[in-house]
Amino acid sequence: GLLLRMANLMGIGFHGELPSAEAEDLVLEEMWRFNQTYQLAHGTAEEKVPVWYIMDEFGSRIQHSDTPSFATAPFFYMPQQVAYTLLWPLRDLDTGEEVTRDFAYGETDPLIRKCMLLPWVPADLLDLSFSTPEPPAEHYQAILEENKEKLPLAISPVAYPCDHVFKVYTDIQQVLRHLTHPRFTFAQSEADADILYNFSHFKDYRRLSQERPNVLLNQFPCENLLTVKDCLASIARRAGGPEGPAWLPRTFNLRTELPQFVSCFQQRERRGQDNHWICKPWNLARSLDTHVTRSLHSIVRHRESSPKVVSKYIESPVLFLREDVGRVKFDVRYVVLLRSVKPLRLFVYDVFWLRFSNRPFALDDLDDYEKHFTVMNYDPEVVLKQVHYDEFIPEFEKQYP
């Protein structure tokens, strides 16, 4: 009965007693005018993935106004384990006044508001340039201050003798279990270590460089400029200009570049170009909270749930023929060791890892995880296809001579 209720709630007409498959597609498109979202602040990464919900018929009838009479917020009542939506007036009201709310509540920039309100108030941004130059230095300075990293002093690397046995301090079980080479031993405290191999984010590089300049560390200052998606996209423009480099699909930071994205989407739509996009959280891995869509309204609303980037989805990827399945997406994961930045010294491990989708690729069923994603190694219920790299290379060369 859910489809029938949703169709009625959203005002979607249908013939006969039950909605058709077309009505189902309409519900999935129209729902972005009705969806609300919240996110838990604590728990595992999976538990903190945003929740989307639709209010009941009364709540869903509340319309937008730039001068709203009410505000709403989700409220989870722990004793009963029940979620409510709280509704409260913003001013004194007369009997019979309409209950309205602001769907872009808190946003004061008129252009951003215009974009946020697209699901309810259609508008075009075709005249706006979708060029996205690299942000100014202040943008990165703000990230540095937010991360609370203290940059190191300039130091000269220490040359250790060839027979030196390094003392390693680590909080990573994988290192404790597998580091067995005789050149290494484990230190019981950070103070005794030659090498700090930390899982947690290291921040006080300044103090380390002052007090123990000979210590090696498995992290670089400001490495999040490469490991966090919005930063990677923005600094990649140093190499590729405002359009980005050729190897990176066109990418927008939805927090700071929403109007440029909307303009790009609408211009591609007008030219009849493919308009599939993939929307990802800045700083989550394993495909969590990641969505493939061709709905502008969906992407605009996903901006509300958590900080996200949106990238052009590759509509014609290189595929690998799996005899048991068909032609599927796959990815190649390399491990690289960055030894220094100036001069640039980078080591690549020549054994790479492969991950495969479980269903043949096609530009449909965009919510079919096993068709559009390759990360299968975190769910015991899902088939994990493994191929060793030395088997893969000749097979791939046979498929793509």
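Tutor: Just after α1, G11 takes a positive phi of about 70°. This is a predicted model, in which local features need pLDDT of at least 70 and side-chain atom pairs count only at pLDDT 80 or more, whereas totals for chains, interfaces and linings use all residues. Residues are numbered from 1 along each chain as its sequence is written, and side-chain values use heavy atoms, with hydrogens and water left out.

Within α1, the buried residues are M6, A7 and L9. Because these residues cover an arc of only 165° around the axis, they lie on the same side of α1; the arc is that of the directions from the helix axis to the C-beta atoms. The cover over them includes α2, β2 (51-54) and α3 (57-60).

Apart from neighbours within four places in sequence, A7 is in contact (heavy atoms within 4.5 Å) with I12, F14, P19 and V27. From A7 to N358 the separation is 351 residues in sequence and 33 Å in space, C-alpha to C-alpha.

Helix α5 (residues 137-147) can be read in the same manner. There, Y140, I143, L144 and N147 are buried. Their arc around the axis is only 100°, which means that they sit on the same side of α5. These buried residues pack against α8 (224-227) and α9 (229-240). The face turned away from the buried side carries E138, E145 and E146, which are exposed. After α5 comes K148, with a positive phi near 60°.

Attention may now pass to the strands. An open sheet is formed by 4 strands in the order β8-β7-β9-β10, with parallel pairing; two strands pair if DSSP finds at least two bridges between them. β8 (184-186) and β10 (216-217) are the edge strands, each pairing on one side only. Strand β7 (residues 166-170) runs parallel to β8 and is joined to β8 by 3 bridges. V168 stands opposite F186, which belongs to β8.

Finally, there is the nonpolar interior. In soluble globular proteins, nonpolar side chains tend to be buried together. A nonpolar core is a set of buried Ala, Val, Leu, Ile, Met, Phe, Trp, Tyr and Cys residues joined through side-chain atoms within 4.5 Å. The largest one here has 23 residues, and F261, V262 and W277 touch the most other members. Two or more residues come from each of α4 (110-116), α10 (258-271), β12 (277-281) and α11 (296-302). Among the contributors, α10 gives the largest share, 5 residues. Leaving aside neighbours within four places in sequence, F261 is in contact with F252, L254, W277, L296, I299 and V310. A second core, separate and made of 8 residues, includes F320, V328, L354 and F356.

Technical notes. Buried means under 20% relative accessible area, exposed over 50%, partly exposed in between (1.4 Å probe, protein chains only).
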